[in-house]
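Below are some notes for a colleague who is about to work with this model. They are set out as numbered points, to be read beside the structure.

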Amino acid sequence: MKQTAEKSTSEDLTALEIQEINAIINHYEDHTSVAIEALNIVQKHRRWISDSTLKAVADFLQISLAHLESVATFDNLIYRQPVGNTVIHYCNSVTCWMLGSEQIREHLCQRLHVEPGETSADGQYTILPIVCLGACHRAPAALVGDELKIDLNTDAIDEILKR
Amino acid sequence: MARIQIDGQFYSVPEGNNVLSTCLSLGLDLPYFCWHPAMGSAGACRQCAIIQYKDEEDTRGRLVMACMTPVTDNLRISLNAEQARQFRRDNIELLMTNHPHDCPVCEEGGECHLQDMTHMTGHNLRRYRGRKRTHNNQNLGPFINHEMNRCIACYRCTRFYNEYAGCDDLQVFGIHNNVYFGRFEDGALESEFSGNLVEVCPTGVFTDKTFSAHFTRKWDLQTAPSICVHCSLGCNISPGERYGELRRIVNRYNGDVNGYFLCDRGRFGYDFVNSSKRIQHPRIKQRNACIQTAKEHFHQLLTRAKRTIGIGSPRATLEANFALRSLVGETNFFSGIEDTEYQLLQTVSQIIRDGGIHSPSMREVEQADALLILGEDVTHSAPRLALSLRQAARNVSIELAASALHVPSWQNAAVREIEKQALTPVFIASIGRTRLDDIALDTYHGSPDYLANFGFAIAHYLDSSAPEANALDADENKLAHTIAAALKQAKRPLIVSGTSCSSLAVIQAAYNIAKALPSPNRQLTFSLPECNSLGLALMAGNDLQQAFTAIEQGQADTVVILENDLYRRAEKQKVDAFLETAEQLVVIDSLKNPTTEKADLLLPAASFAESEGTLVNNEGRAQRYFPVYPAPDSICASWQWLLGTMENSSWQHHDDLTTACAQAFPDLTAITQVAPGADYRVKGSKIPRQPHRYSGRTALHANIDVSEPGQPTDSETPFAYSMEGNMAQVPPALLPVVWSPGWDSNQAINKFQEETGGHLREGDAGIRLFEVSGTLAWFNGIPKPYISEPGVWEVMALPHIFGSEELSLQSPAIAQRLATVCALMNPLDAEQAGIDNGDCVIISDLSGASLLTTVIQIDTNLSSAGLLCITAGHPKFQALKMGMQVTLRKFNSDSEVGS
Ligand code: SF4
Ligand code: SF4
Ligand code: FES
């Protein structure tokens with residue numbers, strides 16, 4: 001949902017984005033079902049989905065803007081605000097929580113001087129929670145960029161942030 | 001039937017429904033939020049938990065959601081088991097953790113489903129002390145307030161808005177504990193049915209903004225059963241009053257007509273009653289007069305008259321029209337409708353009476369399994385009907401779900417999924433795009449002549465004895481065959497047409513198609529212009545042109561006009577001439593308009609909220625409305641003005657008029673049974689208009705007089721302007737509001753229905769005047785297609801939900817949502833005329849006199865050449881009438897400054 005009153009304008013998708021969306025569009029029954037994949041494609045190129053990008057995708061798929069926003073805000077991996085170079089999603093579902101995801105969160109936040117949802121001052125990292133990553137047997141877990149990290153502890157976090 | 005056991009009691013109930021609905025139908029109290037009888041089950045709120053036992057031996061049972069559990073034989077459940085009660089209590093406590101507990105400032109308070117359920121579950125103590133998440137609210141336009149913090153995430157709003165009403169600008173955003181129901185950005189809700197959110201939402205998230213502007217608690221509102229006067233469907237409404245001001249409209253359930261829902265015109269159009277345009281006093285030659293003087297003057301005018309003619313109105317009641325007809329005499333009574341429309345209405349009434357085809361209620365419309373709409377944009381001409389048609393579009397998938405997959409219709413999500421595979425065949429033939437195009441399998445566009453010809457072709461393909469139409473081109477021909485085949489196969493095919501095109505041929509073609517259908521369950525319905533168009537048509541009378549002629553030729557000198565602004569009916573010059581030639585002009589109406597301005601004697605009429613009367617809707621159903629509150633002393637109901645001047649009449653009361661009217665017209669015999677008469681009593685007392693908690697009666701008028709005035713008396717209806725009286729077992733036609741102990745919200749309706757979502761006990765209100773009988777010969781007036789002359793356009797004045805109806809237009813909220821002022825044109829025409837989208841043009845009549853300037857919008861859906869589509873009745877387009885021929889020229893701002 002849009003929080004500011006400023007008028008956003010629709011911008012165009014790039015030829016490459018259009019090509020990539022067109023390549024998968026026929027895998028789906030209707031355009032509404034393409035929504036998530038189309039957003040993924042565009043986000044891959046732009047790192048996050050701005051209001052105007054969202055409008056461009058909605059126009060391209062000819063689906064309602066509100067509907068696309070509904071999909072975008074439901075999906076944990078679609079970013080509707082600018083994010084850092086790497087997004088760290090720490091899992092806060094039940095197993096990770098039992099095995100210390102709160103410490104993981106605290107440590108991450110303390111190291112980067114941010115709160116969950118924020119980006120470090122150098123623009124390197126954004127910290128966000130996520131639901132179960134399917135790695136309960138090796139909890140606590142996190143998604144760092146698109147890499148799954150398991151058996152986390154504060155040392156492991158320091159190691160990740162060193163890179 | 002299934003034999004089931006609930007808390008040790010045995011019941012015999014229909015199999016296959018869900019347990020929640022069944023329990024409610026049995027009169028049991030079980031809390032719920034997300035389930036809605038019209039929308040089925042979602043299983044989203046977890047409020048309807050009960051215990052289900054495997055068998056007689058099972059003592060523990062397991063927790064299930066009643067709304068998701070089907071009724072099967074030998075089902076054994078408990079509503080009262082402590083475990084289930086505990087779960088429901090805890091569930092509501094959790095739903096309430098983020099709720100702001102702001103009932104005292106919430107418009108929902110006092111009629112809130114959430115309050116009722118909280119109370120019912122016994123969650124009386126707030127334990128949560130944590131932070132609450134909060135949301136920003138949006139400006140959703142003039143109709144609806146938004147207060148998202150009150151949301152309990154039941155998803156009823158989006159399910160209604162997206163799935164039931166088919167609009168997609170209201171959505172749910174976010175995930176888990178942080179979901180938001182709103183629009184992408186601020187802006188008016190686009191659906192024509194947005195007002196239903198007020199009643200669908202179980203909390204105070206969506207409330208009525210027009211009501212907020214002069215808010216009163218439900219228990220302080222005075223109410224009476226009423227009928228919407230803003231289109232021909234006659235939806236049942238409960239208007240509420242306080243301090244002599246009409247405060248709001250809510251839905252009044254009628255299982256046959258509007259069910260649970262109204263359109264936004266009907267819900268928000270009421271404010272005209274409070275408008276500054278109301279005529280507050282009688283006026284003689286433009287000067288205020290008192291009632292007595294006005295009555296005497298009226299009498300004198302009539303005595304002085306050589307011959308008086310009366311002009312009736314399709315927006316006045318049967319009784320008022322009948323009183324006028326009786327006053328002036330049958331031959332001097334004119335229907336007040338211009339001749340084309342008059343002809344259309346005569347044909348429609350002939351078809352409904354003698355056509356031998358069922359005229360369906362909206363409930364029946366929802367059962368159709370194939371449908372063709374011929375010539376109507378139903379959302380704009382008969383809004384609530386469009387909502388029913390949208391439900392009909394789901395029938396084939398519901399049937400498929402049940403037969404092939406054994407999924408019951410109330411399993412909402414599952415059935416919606418099946419919809420992607422199969423939908424009811426819906427076809428729309430219309431002038432341009434319509435708001436139902438998204439449910440159409442195919443559409444056909446053309447001018448009314450083309451539509452009629454297309455219809456005649458379908459009829460002929462269905463039954464070769466029907467007259468043959470003019471040849472169609474290959475594509476059209478194929479489509480006509482497809483439609484004929486789909487309709488032929490259907491078990492319950494439905495044809496929808498109406499008067500929007502002002503084309504007799506369209507209506508006749510619709511009849512031919514319906515007549516050609518083999519199914520015994522075929523149905524045909526028409527959308528008509530006004531709330532009593534059919535009633536007036538059944539009273540015959542002559543058309544307006546004949547009244548003009550009578551005055552013009554000096555056959556009459558005095559005119560009495562009943563609730564009718566003639567300037568909306570005929571061209572200005574004609575009306576001017578008519579009104580000026582008449583030596584004495586009496587006008588009875590409620591709002592000032594160009595016709596009332598001309599009156600020698602102007603008599604202020606009570607609005608629908610302050611008077612009583614019978615209307616006949618498009619289905620042929622007679623329904624009565626009752627005064628919600630008394631009109632101010634200086635205002636009378638139209639029928640009272642008329643009756644008051646009839647010498648030696650034995651008629652004293654409204655009921656006398658109803659009875660006499662029923663006797664005068666065989667078609668209307670049944671109108672006396674529409675509702676019990678004024679002498680009806682419930683256990684010896686009148687029915688109170690005020691709830692038993694009505695407050696402040698002694699103090700209401702203390703600013704004027706500290707002594708409490710007596711309650712006004714009502715000798716015309718079974719109702720009292722009072723809280724005293726008897727509310728138990730009131731017949732449906734007389735039910736002002738629904739309330740039941742523990743059920744302050746509108747959900748109390750469950751207690752008044754035979755089964756949830758079904759008919760009201762003792763039968764839904766209203767009497768159908770016609771049942772299937774007779775048959776008519778094939779109509780064979782196949783029109784020659786209209787060939788446009790280059791440079792000449794034909795005006796198509798088409799209905800719009802906000803803008804075309806006279807009274808609602810005077811309500812500020814509706815005025816804010818007025819249709820955009822523009823004229824639509826087909827792309828080819830525009831290209832030839834050198835007009836671009838958004839160009840300003842000057843429209844002139846054929847004599848060259850310029851009428852108005854407007855913006856042109858190019859519409860690719862307009863396929864016929866030479867049509868210029870505008871909003872009918874729109875104040876900006878007063879000078880243009882349906883079917884008028886006009887020329888256009890581009891407005892050049894440089895050369896025409898000041899023109
Ligand atoms: S806004 Fe109302 S209807 Fe919609 S989810 Fe919230 S409580 Fe339910
Ligand atoms: S559909 Fe017609 S009768 Fe029903 S609420 Fe709307 S305007 Fe009134
Ligand atoms: S009513 Fe059954 S889960 Fe909501």
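1. In this predicted model, buried residues account for 47% of the 163 residues of chain A. The C-alpha trace of chain A extends over about 45 × 35 × 25 Å along its principal axes. Of the contacts in chain A between residues at least 6 apart in sequence, 62% link residues that are at least 24 apart.

2. The secondary structure of chain A comprises seven helices and four strands, and their order along the sequence reads α-α-α-α-β-α-α-β-β-β-α. The domain assignment divides chain A into domain 1 (15–74) and domain 2 (86–162), and the centres of domain 1 and domain 2 of chain A, taken over C-alpha atoms, are separated by 28 Å.

3. One helix pair in chain A deserves a careful look. The axes of helix α2 (residues 31–46) and helix α3 (residues 51–61) of chain A come within 10 Å and cross at roughly 140°. Since angles over 145 degrees would count as roughly antiparallel, α2(A) and α3(A) are therefore classed as oblique to each other. The crossing of α2(A) and α3(A) is right-handed.

4. On the α2(A) side, the contact is made by His31(A), Val34(A), Ala35(A), Ala38(A), Leu39(A), Val42(A) and Arg46(A), while α3(A) contributes Thr53(A), Leu54(A), Val57(A) and Leu61(A). By residue class, the contact of α2(A) with α3(A) consists of eight nonpolar residues, two polar ones and one charged one.

5. In chain A, the peptide bond from Ala139(A) to Pro140(A) is cis, with omega near -10°. Pro140(A) is located in the loop that lies between β2 (125–130) and β3 (142–144) of chain A.

6. Chain B supplies two cases of positive phi. Tyr155(B), although not a glycine, has a positive phi of about 70°, and Tyr155(B) sits in the loop between β6 (144–146) and α4 (156–164) of chain B. With a relative accessible area of 30%, Tyr155(B) is partly exposed.

7. The other case is His406(B), a residue other than glycine whose phi is positive, near 55°. His406(B) belongs to the loop between α14 (395–405) and α15 (412–418) of chain B. Is His406(B) buried or exposed? Because exposed means over 50% relative accessible area, His406(B) counts as exposed at 66% relative accessibility.

Terms used. Residues are numbered from 1 along each chain as its sequence is written. Chains are lettered from A and ligands numbered from 1 in the order in which they are written. This is a predicted model: local features need pLDDT of at least 70, side-chain atom pairs count only at pLDDT 80 or more; totals for chains, interfaces and linings use all residues. Side-chain values use heavy atoms; hydrogens and water are left out. Axes are lines fitted to C-alpha atoms, for helices over the stretch in contact, and angles run from 0 to 180 degrees between N-to-C directions. Helices (H or I, at least four residues) and strands (E, at least two) are DSSP runs, numbered from the N terminus. Angles under 35 degrees count as roughly parallel, over 145 as roughly antiparallel, 65 to 115 as roughly perpendicular and the rest as oblique. A crossing is left-handed if the near helix is turned anticlockwise from the far one by less than a right angle, and right-handed if clockwise. Contact means heavy atoms within 4.5 Å. Ala, Val, Leu, Ile, Met, Phe, Trp, Tyr, Cys and Pro count as nonpolar, Asp, Glu, Lys and Arg as charged, and the others, Gly among them, as polar. Domain bounds come from an automatic or database domain assignment. Buried means under 20% relative accessible area, exposed over 50%, partly exposed in between (1.4 Å probe, protein chains only).
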